[in-house]
Amino acid sequence: MIKAKLDRKNRNIILLVSCWMVYIITNFAKSNYSATVAYIVQQSIFTKSQTGAIASAFYIFFGIGQFIGGSIVDKISPYKMIKVGIVSALISNIILCFTMNYTVILIVWSINGFMHLGIWPGITKIVADYLSPYYKPIATQHLSYGHALGSLMSYICSALLINKFGWGGMFGTSSMLLAGTLIFWLLTERLVPMNSILSCRQNVQKNRNEEIMTSVKAKYSVMLSSGLVLALLPTLCLAMLNNGAQLWIPTLMMESYATSLVFANLQTVLLL
C-alpha cells in the first residue's frame, strides 16, 4: 500500500537520501580506525609498525575490492552489493568493540576493506541507471562531499568520545550508526524496487551502452581515449597523501608539540 502511493519524485528522493546516508556513514566507519591511531599509540596498544600495518592492509584490500567491484555490480543488484558492504562493516566494527588482539584486528579489518567493494560502485550504478535525469546532478553534488563529511565526523567523535569511552566507544558508535543505516537501506529496498524508476529511455540507453562495452578491448579503448588513465595518476597521489595525513597527523601533533589527544584530533578536523 505504501509502495503504491509513492510517485516517481518521492522514489527518487528516497533513493538519493539513502545513497547519501550510506556513503557518509560507511566513510565514517571506514575512517574510525584512523581516528583512533593517536589513542592506540598513546596507550601503547600496538607498536607504530603494527598500527600502520593494519591501516595499510585495509586500504590494500579496499583498493583490490574497488578494482573488481564495478564489474560485479554490473552483474549483481547494486542493492544487494551495498547491503553486503554495510553488513560487513557492521560486523567488523562490532568485533573491534570487544578485542584488541593484533592478529584478529588485522584479519577482520582487511576483510572489511575488501567487502566495501560494492558500496561506491553500487551507489554510482544507482545514480547512473536508476535516478531520473533531474536528480543525477543533485546526487553528484551531494555525494561529492560525503567522504569528507564522514571523515570529519569520525575525528570529531574521536575527540569527544575516546578519552571517556576508549577504543570500544568509537567502534560502538559506528556500529550503532551502521545498524541504523542498514535498517534504512532495507526499508528503501522495499519502498523503491530496483526497476520501479527506470524509464524506457534509460533502459534503451543502458542497452546501447552494454552493446558498446561488450568487449574488454572496447572498455580499455574508452579509458585511454577519454584521458581517464591520466586522471587516475593525480587521484592516486592525492589519495596517498590524504590517507597518510589522516592516519598520522594526530600522532605527530601529540609527539612533536605535546598536545592533548582531543586537540590533536580537532586539529586534524581543521586540516581535513
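**Note on an all-helical predicted model**

1. Leaving aside neighbours within four places in sequence, Cys19 is in contact (heavy atoms within 4.5 Å) with Ile123, Ile126, Leu143 and Trp185. Cys19 lies in helix 2, helices here being DSSP runs of H or I with at least four residues, and strands runs of E with at least two, numbered from the N terminus. Its relative accessibility of 3% makes Cys19 count as buried, where buried means under 20% relative accessible area, exposed over 50% and partly exposed in between, with a 1.4 Å probe and protein chains only. Between the C-alpha atoms of Cys19 and Trp120 the distance is 9.3 Å, although the two residues are 101 apart in sequence.

2. This is a predicted model, in which local features need pLDDT of at least 70 and side-chain atom pairs count only at pLDDT 80 or more, while totals for chains, interfaces and linings use all residues. Residues are numbered from 1 along each chain as its sequence is written, and side-chain values use heavy atoms, with hydrogens and water left out.

3. As to the overall build, the protein has twelve helices and zero strands. Of its 272 residues, 44% count as buried, and among contacts between residues at least 6 apart in sequence, 83% join residues at least 24 apart. The protein exposes about 14100 Å², of which carbon and sulfur atoms supply 69%; accessible areas come from the Shrake-Rupley method with a 1.4 Å probe, and for residues only the protein chains shown count as cover.

4. The largest nonpolar core has 32 residues, and those with the most contacts inside it are Tyr33, Leu96, Trp109, Trp167 and Phe171; a core of this kind is a set of buried Ala, Val, Leu, Ile, Met, Phe, Trp, Tyr and Cys residues joined through side-chain atoms within 4.5 Å. At least two residues of this core come from each of helix 2 (8–42), helix 3 (48–75), helix 4, helix 5 (102–114), helix 8 (146–191), helix 11 (228–257) and helix 12 (261–271), and helix 2 gives the most, with eight residues. Apart from it lies another core, of 28 residues, among them Ile14, Ile25, Leu143 and Leu178.

5. Which residues does Trp109 touch, not counting residues up to four places away in sequence? Its partners are Ala29, Lys30, Tyr33, Ile54, Phe58, Ser92, Asn93, Leu96 and Phe171.

6. The structure holds 13 aromatic pairs, counted when ring centres of Phe, Tyr and Trp (its six-membered ring) lie within 6.5 Å, with planes under 30 degrees apart taken as stacked, over 60 as edge-to-face and the rest as tilted. The rings of Trp109 and Phe171 have centres 5.9 Å apart and planes at 90°, so this pair is edge-to-face. Because Trp109 lies in helix 5 and Phe171 in helix 8, the pair ties together parts that are 62 residues apart in sequence. Both residues, Trp109 and Phe171, are buried. Ring pairs also link Tyr33, Phe46, Phe58, Tyr59, Phe62, Tyr102, Trp109, Trp167 and Phe171 into a cluster.

7. A search of the whole structure finds three salt bridges, each defined by a side-chain nitrogen of Lys or Arg within 4 Å of a carboxyl oxygen of Asp or Glu. In the bridge between Asp74 and Lys125 the closest N and O atoms are 3.3 Å apart, and this pair links distant parts of the chain, with Asp74 in helix 3 and Lys125 in helix 6 (residues 119–129), 51 residues apart. Lys125 also forms a salt bridge with Asp129, at 3.1 Å between the closest N and O atoms; these two residues are four apart in helix 6, so they are separated by about one helical turn. Lys125 and Asp129 are both buried, and salt bridges that share partners join Asp74, Lys125 and Asp129 into one network.

8. The side chains of Lys83 and Glu189 meet in a salt bridge of 3.2 Å, N to O. Since Lys83 lies in helix 4 and Glu189 in helix 8, the pair ties together parts that are 106 residues apart in sequence. Lys83 counts as partly exposed at 24% relative accessibility, and Glu189 is partly exposed with a relative accessible area of 22%.

9. Ile95 has its place in helix 4 and is partly exposed, with a relative accessible area of 33%.
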